[in-house]
Amino acid sequence: MSADLRSRVLDQFEEAGIGWVWATDSDGKLCYLSERAAASLDQEVGALLGHPIEDVFEVDEENPDQQGVRPLKFQVKGHKKIREQVVRFALGKSKQDVRQVWWSITGYPVQDASGNFEGYRGSAVDVTREYERKLADSRLAEFDSLTGLANRHTINKQLDGTLAAYKSSGRSCALLMLDLDKFKRVNDTLGHQAGDELLQQVAERLTNIVGKQGTVARLGGDEFQVMVPDQDDRGALGELAQKIIQILSQPYSLDEGKRAIIGTSVGVAIAPFDGDTRENLTRSADLALYAAKNGGRGQYRFYSSDLKDEEEVRQLMLDDLRIALEEGQLLLHYQPVVSVKTGNVVCLEALMRWEHPDRGFISPGQFIPVAEDSDLINNLGEWALRTACEAALNWPKSVRVAVNVSAVQFANPGFPNVVANVLAHSGIEPDRLELELTESIFVGDSDETERTFKNLKDLGVRLALDDFGTGYSSLSYLRAAPFDKIKVDKSFVDSCTQKDKNSAKIIAAIVGLSNALNMETTVEGVEAFDQLEVVKEKGAKLVQGFIYSKPLPVEEIDRRLASGEFKIEPDGPDVYRPDRRSVFRRVGAIHEDYYYNAVMRDLSRNGAGLEGIVGLEPGVQLVLDMGEGQLAVCTVMRVKGSEFGVEFETPLVSDGAGGLCTRHRVSRYTIAAAGLPAKPGTAGPTEGKRDESRPQFMEVSVGGLS
């Protein structure tokens, strides 16, 4: 074929749009490119020639099909054949530019007669349209279409790969499961469009919180998942979970002036301790999430081996709760609200108590959320109103009764009628009944909320805003709603004596705000004299807390009020100690080659009180085996007979359930390899068999403890 014919065929090939031709010199710089090819890039040929081809084009690393493909520079430098490689035009452009162009290029290295490399000769085809469609399809398959987060398929694949890669090296991976509390109510009251907008904002907040430390995924509905590789520090994970709860619980502004307030609960599991496969780790995180929700919502929980299937537990609790209401197992105890000036009781808050015939005392934080997920909350709420108002008839008229109202109960259009019927049936004066409401009542139809407020105020009852200041308090609530009282949350009182906190200033600000709005203020949760002095100094006139009284049964209240006046003098510790708690927990204590069985009697972040070992002296170092891989190095600080107190080398952290745990754990394989006695939930791979080559520990019981 003549050179002229070859040139005409090449021109016709390019004019027909079948493809373009390109070439590089021996240095890998572009030395030829079809004019039509340059035009498709909105470039002049001269502006492209002379640039290394790897500067003009780059492999698209975001394409799942090209993961693991060597960069173009590597291929060119090695004089490798390039076969239908999809590349992005990169010269002078960034990935954020609106218009992107992708080519499929093929190139072959050319050598002269002596075998010297002369450059590449190749062809190219514009595949932008097809490639963008493929990326869109891939994104639909890999990402959630509503929020843009990774979907269930993607996070499962990442989790499988991560756990498989980490298993041999013993690396850790944390998995956080969460779903949104009260999301269904937003969907039902504001509509699905508002629900979708809310999910998008939740996704954005989650992404900002987690950042680069992990992957956020939406599994569907209101369920989300966060994977955090190389993290087993339960202190750091607890802080992350708490931050997620705090940020996601703040108000959301939606279209058309709508406003929503939701919450979330978080379950945390850590590989390899809580499962070394995706299925096991996910199940553990699920169980921890259910435990968090069962514990009162707005909480996080770490997985532990004693957690049970939550759906079954919740259904059993709901069934038992219905029976408890029918058979009179529920009681109301009453906690006094006291005037700090006179010591007189001015109000008694009704608090629900349930003594289960088999399980004993069950906290309201456990059974109220279960009732809120069913119609039972309305029956419970009406029972509490009737019982409290009937009890208050026996009290002096100067003493009010306060009853907590669930947001679900408040949203029921018939709630004002229920209150009216209770007032009429009991005969109590309306202004002696105080309804305690939380900010979650403002979710939903604002017009309906305002109507309910008006109807209640028309009845003459008093309204109190409970838990004020926790996370997302808004002054607009106080402007729009006719509250008679604000209750300062216990969380501010817990830290009001700490100089590095602003809690005391916040208490003073809330008291001042209440006074300016002609509202009462009750500061709740005061337990010690140092706290009482602070809140009195900041202007508090009404106080509720253990320093005056715990909740009391109605018989005790009636007895004390029989004289016509109920006065209480404060009585409690001088200093508030937030983290010291009484426990009864069997633990192991390792000293040299001996493993002692002991009992832990009290526990704080920094130390513990135990009994069961004699002959210890202050200064002796021990390792406490607290079960499930929790080993805590500590030093004996005091000794009295078989009782002793220890100080931890590393402070414990919150387990999210009101308890404490070690930051890190030791895997069951390491524990078994060290020859430690197997504890429940920590059985090693040897199933109790001893290897004489390993260190062994002689197990010792003192005082009959084993």
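Which residues is Trp395 in contact with, leaving aside its neighbours within four places in sequence? In this predicted model, Trp395 meets Tyr334, Leu348, Arg400, Val401, Arg432, Ile557, Asp558 and Leu561, contact being heavy atoms within 4.5 Å. Residues are numbered from 1 along each chain as its sequence is written, and side-chain values use heavy atoms, with hydrogens and water left out. Local features need pLDDT of at least 70 and side-chain atom pairs count only at pLDDT 80 or more, while totals for chains, interfaces and linings use all residues.

Trp395 also belongs to the largest nonpolar core, of 75 residues, where Tyr334, Trp395, Val419, Leu433, Leu435 and Ile507 touch the most other members. Such a core is a set of buried Ala, Val, Leu, Ile, Met, Phe, Trp, Tyr and Cys residues joined through side-chain atoms within 4.5 Å; buried means under 20% relative accessible area (1.4 Å probe, protein chains only). Helix α14 (residues 376-392) gives this core its largest share, 9 residues; helices are DSSP runs (H or I, at least four residues) and strands likewise (E, at least two), numbered from the N terminus. Another core, of 37 residues, lies apart and includes Val202 and Leu206.

Turning to helix α9 (residues 192-210), its buried residues include Leu198, Val202, Leu206 and Ile209. The buried residues of α9 pack against β7 (173-181), α8 (183-190), β8 (215-220), β9 (223-229), α10 (234-248) and β10 (252-253). Just after α9, Gly211 takes a positive phi of about 60 degrees.

Notes: Buried means under 20% relative accessible area, exposed over 50%, partly exposed in between (1.4 Å probe, protein chains only).
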